[in-house]
Every structure is written in C-alpha cells, then in structure tokens.
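Morning, everyone. Let's take a quick walk through this model.

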Amino acid sequence: MDTSNIIYLFDMIGIIACSVSGTLLARAKNFDLMGCILVAMVNAIGGGTLRDVLLNRHPIFWMVDMNFLVVITVTSLIFQAFFNETERVGRWLKLTDAIGLSAFTLIGLKVALSYGANYPVAILMGIATSIVGGMTRDIICNEIPLVLQREIYITASIVGALLYFLLQHLSVIGWLADIMTMLVVFTIRMLAVYFNWHLPSIRLRH
C-alpha cells in the first residue's frame, strides 16, 4: 500500500475521532448546531494547523483538501442527531481522545520527519498535533484541559514516538511500524484511564 494513502487513512481516523469528542463535549454544554461543529473543527484540526505553521508547511493541510472539513461537519451532524447517551459522554470522550491521540501522534511525527526535523522536534510536533486541538476544545467549553490534570497524555505520545524511532532503526516495515506505534499510544492511554493512572505532582516541603 502507498505510504501516502496510509498516512491519509490514519489522519482521517484521527479527524473523525476528534470530531466526535468535540461534538459530544459541546453538546453536553448545550452548544447549538453550529457551535458543536465549530468545536469539532477546532478539536480535529487545531493541532495539525499549529504543526503546519511551526514547520512552515504551506498551504495548511485542510485548506487544500476540503475532505477534512466535510468529514468533520458530517460526523458532527450525525452525532448531534443520533447520540443520546449523555450520561456516558465522559467515557466516549476518553475513548475518542485516545484514538485521536494515537493517530495524531503518528501523523505529527511523520510530517515533521518528512520536513527534515530532528528527533526532538519531531516528538514535539507529534505532541502538538495530538493535544493542542483537545486543549483548545476544553478551553472553549470552559473545562480544565485533560492534559493539564495529571492525565497520561503526553507521556503516551512520547513513548509512542520513541517506539517509532526504534522500529525505524530496526528497519521494520513502514505500515507495521505505524500500526504498532498507534497501538502502543492507544493502549497506554486506555490503561491509564482504566486503572486511573496519574502522573505525580512535585511539591517541595517548606
């Protein structure tokens, strides 16, 4: 399979997942139809937009491929119309966020590396792509961003990135390395949710 097609597929997976999570949170906050779509768009393309600006990657990805905006809008409308399990919004948010985290970590890494970024910068781009949209979504919805609540987000992204570099070093087939990276990020995040893992806070005693 063509590498570009694989990247596009993973990108769409992340876009759909983040559109769902953005819509669900906005709907739980009683946003109107257009408000839900706006939050879905911010969540789905916010991180990738920042990544492209920082990498001087122009035009920005969603400005040359309208499929992204169409998919976000359609996904948001579907979930606004048919999703009624308001009491389970929190669970759905964490699941879709984990899918978006895994897909966008990989996409951010691959885009940065394709533009000649070194490993630390590529890791930062993977993190930015995967968390900035969700942070902006939470701020718009008057929530403290999950990534700032000692949640295992950035850690999962970093571990996935390091695994990706290791698999590249071992000459693992491209598509297999991509899938393994996403699975590791997703698994770490969901294990953290299931077992209630949190990063410790550092507090100095006086």
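First, a term we need: a residue counts as exposed when its relative accessible area is over 50%. Keep in mind that this is a predicted model.

Start with Asn30. Asn30 lies in the loop between α1, residues 3-28, and α2. Its relative accessibility is 69%, so Asn30 counts as exposed. Now the backbone. Asn30 is not a glycine, yet its phi is positive, about 65 degrees. For background, most residues other than glycine have a negative phi.

Now go to Asn196, in the segment after α8. Here too phi is positive, about 60 degrees, and Asn196 is not a glycine either. With 54% relative accessibility, Asn196 therefore counts as exposed.

Next, a peptide bond. Which form does the bond from His58 to Pro59 take, cis or trans? It is cis, with omega near -10 degrees. Most peptide bonds, in general, are trans. Look for Pro59 in the loop between α2, residues 33-54, and α3, residues 61-64.

Last stop: a helix pair. Helix α7 covers residues 154-169, and helix α8 covers 174-195. Their axes come within 9 Å and cross at roughly 155 degrees. That angle is over 145, so α7 and α8 are roughly antiparallel. The crossing is right-handed.

Who meets whom? On the α7 side, the contact includes Val159, Leu163 and Leu167. On the α8 side, Met180, Val184 and Ile188 are among the residues. Overall, the residues of this contact divide into ten nonpolar, three polar and two charged.

Conventions: Residues numbered from 1 in each chain as written. Predicted model: local features only at pLDDT ≥ 70, side-chain atom pairs only at ≥ 80, totals over all residues. Heavy atoms only, no water. Axes fitted to C-alpha atoms, helices over the stretch in contact; angles between N-to-C directions. Helix = DSSP H or I, 4+ residues; strand = E, 2+ residues; numbered from the N terminus. Parallel < 35°, antiparallel > 145°, perpendicular 65-115°, else oblique. Left-handed = near helix turned anticlockwise from the far one by under 90°. Contact = heavy atoms within 4.5 Å. Nonpolar A, V, L, I, M, F, W, Y, C, P; charged D, E, K, R; others polar. Buried < 20%, exposed > 50% of the residue type's maximum accessible area, 1.4 Å probe, protein only.
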